[in-house]
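Please open the model in a viewer and keep the selection panel at hand.

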Amino acid sequence: MTDAGGPGAIARLRDLLEGQNTLGNSTRFWYGFLVVVGFMFVYPFLTNPFVLKVNTDYFVWMILALSLAVVWGYTGIFNFGQTAFFGLGAYTFGIVGITLIEVTGGTNVAILAAVVVTVLASALLGYFMFYGRIRGLYVAILTLAVALTGNLILVRTTNTTIGAAELGGNNGVTGIPSLTLGGGPLSVPLGITAQYYLVALLLVATYLGLRILLNSYYGYVLLAIREDEDRTRMLGYDVRKLKLIAFSLTAGLAGFAGALHAAWGNFIDPTVMGLTAASVPIIWVTVGGRDTLIGPLVAAYALQSISTKLSTVGSGYTNIFLGAVFVLVVLFFPDGLIPAIVARWRERTGDGHDIDRSNTTEAEA
Amino acid sequence: MSLLELDAVNAGYGRTPVLHDISMEIHEGEIVSLIGRNGAGKSTLMKTIIGLLTPTSGELTFAGESIGDDSPERRARRGIGYVPQDKEIFPRLTVHENLKVGRFVNETNERALFEEMYDYFPILDERRNQKAGTMSGGEQQMLAVARALVGAPDLLLLDEPSEGVQPTIVEEISDIVQEINRDIGTTVFFVEQNLDFTINTTERCYVIETGELVNELPPDDLRDSEVVQRHITV
Amino acid sequence: MAVVESILRFLVLLLSFFGTLALAGLGLAVIFGIMGIINFAHGEFIMIGAYSTSIAYGAGIPLAGAIVVGGLTTGAFGLVVERLLIRHMYDRLIDTLVATWGLSLILTQAVQIQFGGTFGSIPVPFGTFQYAGFSASMYKIVLGLTALGLFAGTYAVFTQTTYGLQARAAMQNKEMARSLGVDTGRTYMLTFAFGSVLSGIAGGLFAPLTVLTPTMGSEYIVEAFVTVIVGGTNVLIGTFGAALSLGLIQTPASQLFGTLGGRVALLVTTILIIRVLPEGISGVVTSD
Amino acid sequence: MSRDVRKRTENGEKDSQNAFNRRNFLKSVTVSAGAVSLGGCTGQIGGADGEGPITIGTLYDNSGPLGFVGKGKDAATEMWLEQQEYELLGREVEWIDYNPAGDNTKYKNLTRKQIQQDDVDMIFGALLSSNREALRPIVDENQQLFSYNDWYEGGVCDEYMVINTTLTSQQRPLIDFMVENFGSDYYALVADYNYGRVSNRYARHYARENGAEPVNEEFIPLDTSEFGSTINRIREEDPDWILSLLVGSAQYSFFKQAESAGIDLPYGSLANIAGTYEHVSFDPPVMADTYSCFSYFQEIPTETNQEFVENFQERNPAYTKEEGGYVFLSIADAWNAIRFYWNAVENAGTVDQEAVLAEYENGLEMDSPKGPVTFNGETHHATQNMWLAKVNDDHSVSFLDMDGEETEEPIAENVQTSEWFRNQCNLVDDSSWDEPRTEYLTPDEGDLG
């Protein structure tokens, strides 16, 4: 009697989480997922503060990767300037955080501000683009131009202050508060381990939340837009509005990640809006597999940690290695590494019931 | 002797099969047509012959050689001229440049038939240096036909040449196709829904229904519009 | 007299902005226009052109010849890249972008390891152009004129050669071109090589004016993108129009508001032009 | 890591491979013992006393736009370590060399790694001010001694930072010289970021004290390589000389373009020649008539310097003139930085960081390729001589005195940080190891007056 609700709840939950649009719908996947999440949560007992700190940042990047996967991989809007929103969120968090930490004692308002500001800014840009018939590559270049312009402006902000925050030009904003928990006078700043747990929790929540979204009715509409925008419009959907919503919400998620990054490093500088920074998330998503969520997650984590690892070798070959990885993955695994691995694994185990990818064609920008 | 032979060809888009076990034969010098309802697989068959679609199984033989693995450009160079359903002229090339692209059809041709084509289609001669995209639908159709013929192909594939074209021009094209068949000896295979065009032009006619060849009508039956009507009414 | 000087000043500056934008963009535009792909390593192709020009110049070849060597070397390199990489991803715009981005990382780093931070410099030839109180670098004038010459050359290639005809046909309708016997694979290969030659020549032409470093490509990549995007898919009219109109914006903006003003004006204009003409300038001249 | 192993094996030093493994082993023992929350005192643990090797970390870019600078600094560090046979206080020295590749997030992570995982005793690193500002909070939070040694605009007032490079304020003799010898109207070309903007403030202040005034100050984005409109404007303003605060290879294109446009004005440079050797990379006479004031030039005619340059070039042929190289300021500063540290440790007799810093603050003195240098305890910056170099028509370099006469002496001796900074920053009186000041002071407009 007592456990009758249990399995039913799990089934209902799985029903929400699973569907054609995401990889990993088998029971086996969920066991694996629980093992990974479980490991994430016991990890602090196995390692040192440096590793925890670095991993916290990787988790932040993974949230950024998810935001790009949804807007580009699933909706087909090639946002080359996702880091502009990441940076905007980070700067907003920094400015509001520094200004209000003395007043409110916490960073909740700053986080909220970061998300609100990015959503508004991206909605403005999105309105400009989507209601102006701008599509495909032109969206990519436009968003990139916005990021680069942001970089140009931020570099010039030597001795500029907003609120209590000194923007610091090239040197960036320093002294950004770490995340706090609780509200008002009861706010507690989080240490390295606590921050790790909080960000890990946020990452897992984001992943599951996006799975629910993508497997919902709305998710299917996004996919329809990616596959054939004109036809989706003819079926009576307001494609411009839907694109605008997807664009702004994912930008808001990127801004949220930016805020976490600023809090993580107590620092943000204009390079987040540079050309290199702009292309890095694109590469995670491509290497991981752009119409999956799990692929970009794994790729962001793997590529960031490899890049850090390589820099400790001290040699200048890091970029050659990374460059070669991108080239080879695109050449040999056009759908991304994770889908390729999954396909290979299924072939071997004969486990084919997960999702049928045959009728999803390549995502075009 | 047979110029084009299809043997149990299956083809389709992605994993959606359209054509089922198509077997047919076209002899040198013939004018053969293919009729069928919308969506029966007529254009798919044309695309499979020129090579824009790859058959999942079956054999294609052209002039005694297997062409099933050839790219479209190889097939064109072997001597197949193709006029697609929506004309697909190059809009930003001039009329003459469009024809020049067509001269790569049939590699063995010694001389491109530019002047001949201008004789057949005087309107094109007038528009020689005009951008093709600026011409009317009928003129574009003539250009598409001329472009496919300028290299003197052995086989001309015509996909609904009468579609969206004025009746007078339909007639003109029909006449010219027969003239060319006579003068240059080009074998013609075309897809049509326009009854008059089919009856006027064709010697023999295949009927396709939901991806299968169901019938072959001899010339006499073609005169019986009842029979033909039955096969092509939507 | 002062009026003449101001006009000269404006014209020479315009010519030099136009030259930079056009040269930076032309090679990229040829590849984008015909093949529909973006070569993100374009800046590094310019860098290779500049380096090989400098090597040839150092070996005693006169500058003009050295620039030709630079162009051909880059073209050969482009050919190899096309065969090994690009041909596997025709019609996969984004994949090409990522793969060529990877290539750009590799090239920059490899050149840094091989040649170090900076590389042999070429003196600016031709001396100074002088008129009354006005003087300018003669080479910059030549550069602008050479850009015009390259447009003419590119125009000739596209209108007078079989390759050019086939490339334009393939660009307008790839499947139809193939159905008419055009070997589009070969056409694309030649296009990529041709675009690379143009980028290499641009690099060679820039070499005397700049400092050769492994990262020098990034100085031109934004200009190149902006020109190509504003220009749209029509290689010649689009790119020419884009370089000219952006030059016309950048010249007064940088005169009035300084170099930064010029750059910001460039980016803002680009955003506005795309908003008004989503297909770029090509959208106006080609109405199909 | 493999590179560290190779380095020592190549050098044929001791049984370093074993030491390396032992160290790793020790580290893993420490970690598995659960010592995860070392917090603020990690700094002292690594080098507490006697046992195990002394570890020093470097964080110099080996790739990216400034890769060539970082490589030079690593080469100087390596040369010193080899000369010392990787030994200090009778203990082995382990060198942990990471490459942050110009990425500020990497700078943060690698700093944290060196402190929290590698337990280094000392870190040398950061090239740009933004690199330094990115990692400084981590250094401060972990009480880690850190040497910053690449030229910058000045202003770091931080208990844990020791700095021994040229500051803009120390280059004042250049402004005095230019105004006196060429006139009071100058045109300032300023790289548009912190270094340029702040340095320009100093320059303007000193110029005004001499009764000079900029006819224009143009701020130029960093990757600009097209200077047509700038050259037009210079001609309109018709200045007596040009102040260059141009930075980065793209901006150096200015000199070539100005030359070919027929601009024939003297350049007074606060940013070129010593650090980026344009007189070597460009063919003459592009840089002719450039005056540059720094604490170090490869050409400094002292015996100490000539010996240093010879040794360095012999080990690193890429830095010879034949290879288009130059022993630039950053190399000499990295060399002085590690030597300061060596002296401090030897005086302290320990690598305990607080004790080592006390030695720095006592006012370390040494001779160096630059000439005599003293560490100023109050400001944590170096006091040193300034040389005024003139680039001749053939791109050779002469040193001048205030009257423009050739000399073999520096133009100013024992130059300290600016008075403004000394008034703001006294790390001996206002700061201690456990109650540190950790600030970055930049003068606002008007602060300097």
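A polar contact is here a pair of N or O atoms within 3.5 Å; within protein, one atom must be able to donate a hydrogen and the other to accept it, and residues adjacent in sequence count only if both atoms are side-chain atoms. By this rule, 5 residue pairs, with both residues at pLDDT 80 or more, are in polar contact across the interface of chain B and chain C. The model is a predicted one, and the values that follow are computed from it.

**First stop: the side of chain B that touches chain C**

Display chain B and colour its secondary structure elements. Helix H2 (72–78), strand S6 (80–83), helix H3 (95–102) and helix H6 (137–149) of chain B each supply at least two residues of the side that touches chain C. By residue class, this side of chain B comprises 14 nonpolar, 2 polar and 7 charged residues.

Next, show both partners together. The contact involves 23 residues from chain B and 20 residues from chain C. Between them, the two chains bury about 2000 Å², and carbon and sulfur atoms account for 60% of that area. Which residues of chain B lose the most area to chain C? Select Glu73(B), Phe90(B) and Arg92(B): together they contribute 33% of what the chain B side buries.

Move to chain D and select Cys157(D) and Cys425(D). A disulfide joins this pair, with an S to S distance of 2.1 Å. The link is right-handed, with 90 degrees about the S-S bond. Where do the two cysteines lie in chain D? Cys157(D) belongs to strand S6 (residues 156–158), whereas Cys425(D) sits in the loop between helix H15 (419–424) and strand S18 (438–440). The pair thus links distant parts of the chain, 268 residues apart. A search of the whole structure finds 1 disulfide over all chains.

Now colour the cysteines by accessibility.

Select Cys205(B), which is buried with a relative accessible area of 0%. Then select Cys293(D), which is buried with a relative accessible area of 0%.

Technical notes
Residues are numbered from 1 along each chain as its sequence is written. Chains are lettered from A and ligands numbered from 1 in the order in which they are written. This is a predicted model: local features need pLDDT of at least 70, side-chain atom pairs count only at pLDDT 80 or more; totals for chains, interfaces and linings use all residues. Side-chain values use heavy atoms; hydrogens and water are left out. Contact means heavy atoms within 4.5 Å. Buried area is the accessible area (1.4 Å probe) that two parts lose on being put together, summed over both. Helices (H or I, at least four residues) and strands (E, at least two) are DSSP runs, numbered from the N terminus. Ala, Val, Leu, Ile, Met, Phe, Trp, Tyr, Cys and Pro count as nonpolar, Asp, Glu, Lys and Arg as charged, and the others, Gly among them, as polar. A disulfide is a pair of cysteine sulfur atoms within 2.5 Å. Buried means under 20% relative accessible area, exposed over 50%, partly exposed in between (1.4 Å probe, protein chains only).
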